[in-house]
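Dear colleague,

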Amino acid sequence: MNEKRKVLEVKNLKVGFLSHGKKMDVIRDISLDVYEGETLAIVGESGSGKSVFTKTFTGMLESNGYISGGSILFHEWDLAKFKKPKEWSQVRGKRIATIFQDPMTSLNPLFTIGYQIEEVLRLHHHMSRKEAHQEAVTLLQKVRIPEPEKRMKDYPFQYSGGMRQRVVIAIALACHPEILICDEPTTALDVTVQAQILQLIKELQKEYRWTTIFITHDLGVVANVADRIAVMYGGQIVEVGTAEDIFYRPAHPYTWALLSSLPQLGTKNEPLVYIKGNPPAFTEEIIGDSFAPRNDYAMRIDYVREPPMQRVGDSETHFAKTWLLDPRAPKVKKPAIIENLRERMKAASLELKREVGDLDE
């Protein structure tokens, strides 16, 4: 991984929000490198700060949000210093594009699908109307919309949820981005369509050579597509490593809890495992390890001092923010449900593939 070129370097990033005259620290000192051509998944429960974190890459923070520290290095720019729309126009869409959870937030219901793709092509690539039309049809073919020439004339409401998401992917393709951020792009879709969309993004990434950042609350969604995974909790990255590291050698109790609660691991007639309690409220100061109140393995120090990010074993790719990695900490066993995770994930993956079938059929 170290041999690959960094396309994005986040260093000590801090993001706050002003609410009712009170400042809240939502992103708390995050550092993360993103590498060229990789698929990085950012995983965590709702409210962990995933979307806020990645919105800073495109200048899409809400009006009461602000970057209070750190840097976001992208090419010759520090995005953390961007303030003006003209500055963001060099990056947003053109260099870094985003696919959102609800495609209707990205599509205008008053214009045809064809018009919306053509306008992006004309704006970013200065094509003629005829050139833009031909390229838009090609893009719809790329994302596997049947009868693309005919469907160009349809409006968003005439498409299913899965097809609308394919159109949004086509619009992102039209921009030729270097980084594609996928913010919960399959949450509202059924399991079969979800798998098809993920496979489509994976195939197009190989062809267009972009870097993908997936945001999701479900580790199972990215099991077969992520190269690396960053686990977020309480506005911080608490564990980061390769997909192999996170799934089969997890080190942080929060990652253990996320893996244990995967629906794919559920046993018939047995209740699903869930993470007790609620994520921390950013309205209060967080002292110590933010996961401590929900952590069955918490020690006294977890309530007093924030743990440092530490290397897991002798790995060069795997790091976790937990006192359990301290040499003085007691040795604990991971939950039994994730001890044989590899075999259980394989079985779940094979079952899903049988449901989805061959995408080209």
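Predicted model: local features only at pLDDT ≥ 70, side-chain atom pairs only at ≥ 80, totals over all residues.

Residues are numbered from 1 along each chain as its sequence is written, and side-chain values use heavy atoms, with hydrogens and water left out.

I begin with the open sheet of 4 strands, whose order is β2-β1-β4-β5 and whose pairing is antiparallel; strands here are DSSP runs of E with at least two residues, helices are runs of H or I with at least four, and both are numbered from the N terminus. Two strands count as paired if DSSP finds at least two bridges between them. The edges of this sheet are β2 and β5 (77-78), each with a single partner strand, so one side of each is left without a neighbour in the sheet. Between β1 and β2 there are 11 bridges in the antiparallel sense; Lys14 stands opposite Arg28 in β2, and Leu18 has Lys23 as its bridge partner in β2. The two strands form a hairpin with 2 residues between them, and His20 in the turn has a positive phi of about 55°.

A salt bridge (a side-chain nitrogen of Lys or Arg within 4 Å of a carboxyl oxygen of Asp or Glu) also links Lys6 with Asp33, where the closest N and O atoms are 3.2 Å apart. Because Lys6 lies in β1 (residues 6-19) and Asp33 in β2 (residues 22-35), the pair ties together parts that are 27 residues apart in sequence. In the whole structure, the search finds 17 salt bridges.

The other open sheet has 8 strands with mixed pairing, in the order β6-β7-β8-β3-β9-β10-β12-β11. Its edge strands are β6 (96-99) and β11 (310-311), each of which pairs on one side only. β11 runs antiparallel to β12 (residues 319-320) and is joined to that strand by 2 bridges, with Phe319 in β12 as the bridge partner of Arg311.

Finally, the whole structure holds 3 cavities of 30 Å³ or more, a cavity being a set of points on a 1 Å grid over the protein atoms alone where a 1.4 Å probe fits but cannot get out, with lining residues having an atom within 4 Å of a point. The largest cavity contains about 50 Å³ of space, the volume being that filled by probe spheres set on the points, which are joined across faces, edges and corners. Its lining includes Lys55, Phe100 and Asp183, and the largest share, 3 residues, comes from α1.

With best wishes

Technical notes. 1 Å grid on protein atoms, 1.4 Å probe; cavity = no way out; pocket = protein on both sides within 12 Å on 5 of 7 lines; lining within 4 Å.
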